Amino acid sequence: MTKPVVLIAEELSPATVEALGPEFEIRRCNGADRAELLTAIADVDAILVRSATKIDAEALAAARRLKVIARAGVGLDNVDVKQATVSGVMVVNAPTSNIVSAAELAVGLLLAAARNIAPASTALKNGEWKRGKYAGIELYDKTVGIVGLGKIGVLVAQRLSAFGMKVIAYDPYVQAGRAAQLGVRLVALDELSSSADFISVHLPKTPETVGLIGAEQLARCKPSAVIVNAARGGIVDEQALYAAIKEGRIAAAGLDVFASEPCTDSPLFEFDNVVATPHLGASTDEAQEKAGIAVARSVRLALGGELVPDAVNVQGGLIAEDVRPGIPLTEKLGRIFTALAGEVPQQLDVEVRGEITEYDVRVLELAALKGMFIDVVEETVSYVNAPLLAAERGLAVRLVTDPESPDHRNLVTLRGTLSDGSQVSVSGTLIGIQHRERLVEVNGYDVDLEPTSHLAFFTYTDRPGMVGAIGRVLGDAQINIGGMQVARDHQGGLALVALSVDSAIPPVVLDDIVAEMDAQTARSVEV
């Protein structure tokens, strides 16, 4: 069997290859060399990059087999995520790999600016002993304003709290209660600017955040304030900051990022009270190793057709731990639905009921679609291209949630309308602390069956001897029944037999059962 091919386009830690394992063919190229990249990417299944390799529409067009782009880091400025999604290519990164390193550097810049560490070091190395000139300020009992209370902002807040600092923060997407749990008081940006002795920026770069800390906010700051930006260049307006420092309206700054990089010639560099580093936030051995290992694991999951929590272009958002056990169950329900329907429906409702609806359950919609198309299309179905496959086939999908679930703690139902107007439905739940999967409804019939690898469903006119007939035909074929459920709408009406077996039922055996019991429908499912 041919191994999937993974292209490593930049220098990554040895632990990255080790985390990929022996199941993949590893190739390497210089991703910064455009001609070499376009040639090398043509027949690979996944590519691992850092920041020097540009994966744009041209590269995606050249990548005929590409399924995954893995960025061993956080930023995705070098990846055309929109075009990748259109192409059905999953994009993954390592969003938490560098958060500790970035937080520690922000604290380091803040300390360096507060204590004049960089100019004092330079002066001493030049033979100058200037204790008086480079006196600094303490952090203790000062107020630090955190602009952006995300993962890195929280880590910075925690670390600076340990210095005895008062912590305030601006983040319109964080609830006051959540901030209070962290010992942080949420304030408006104007209040933060005017109150803080130190300001540390930890926001993503978006059209809304570019220039957020500009002339207006800097004018509100104390003349003793220190500004630190170790997030993204451009959030702090560098020209406005230069003017504020030159005019003595800002005391000092610590910068790791710049609006245009690489930056080796900034007016800000003329000031002794500006400490600057060349975008070192993620530049630790630990962060690079964590990033490589994280994306290697994501590549393994993605090429195995599994859900990748760190995929940036998969709908569904953060997956709560209470939701995760329902993902494989819902995917199985999708496969069972397709087998029962024999076609792709025109309309599909993914109904989720019970306590689980307290969380974001959009991922279950993806799992249902992935399961539905696995046995329908030739290409590999992933959590990226499943919605695209549905759209191409005119399938309208709706996620329906309801906290009420009368019969089960949680229940997932796939209910679809076929081209002839008929409906197909299948429901499943999880029971016990082991989250055992149970199939509990098929086309309106109540059942209770474990959805094992081999299932079969028969509908027929209710009459004596039919269960025995199924058992006899399967017994003659040496196929063992693992579980069986019989349900009917009324005595003598239509009945359903749902059964799990230990091995696949060959088509000829399925035909024998149909003939024996004069079944109206017969479906076998491999899940």
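Aspartate 349 is buried, at a relative accessible area of 10%. Buried here is under 20% relative accessible area, exposed is over 50%, and partly exposed is in between, with a 1.4 Å probe and protein chains only. This is a predicted model, where local features need pLDDT of at least 70 and side-chain atom pairs count only at pLDDT 80 or more, while totals for chains, interfaces and linings use all residues. Residues are numbered from 1 along each chain as its sequence is written, and side-chain values use heavy atoms, with hydrogens and water left out.

What does aspartate 349 meet in a salt bridge? The partner is arginine 398, at 2.6 Å from N to O. A salt bridge means a side-chain nitrogen of Lys or Arg within 4 Å of a carboxyl oxygen of Asp or Glu. Aspartate 349 sits in strand β13 (residues 347–354) and arginine 398 in strand β14 (residues 396–402), so the pair ties together parts 49 residues apart in sequence. Strands are DSSP runs of E, at least two residues, and helices are runs of H or I, at least four, numbered from the N terminus. Arginine 398 is partly exposed, at 46% relative accessibility.

The count of salt bridges is 26. Another one joins aspartate 448 and arginine 438, with the closest N and O atoms 2.9 Å apart. Aspartate 448 belongs to strand β18 (residues 445–449) and arginine 438 to strand β17 (residues 436–442), ten residues apart.
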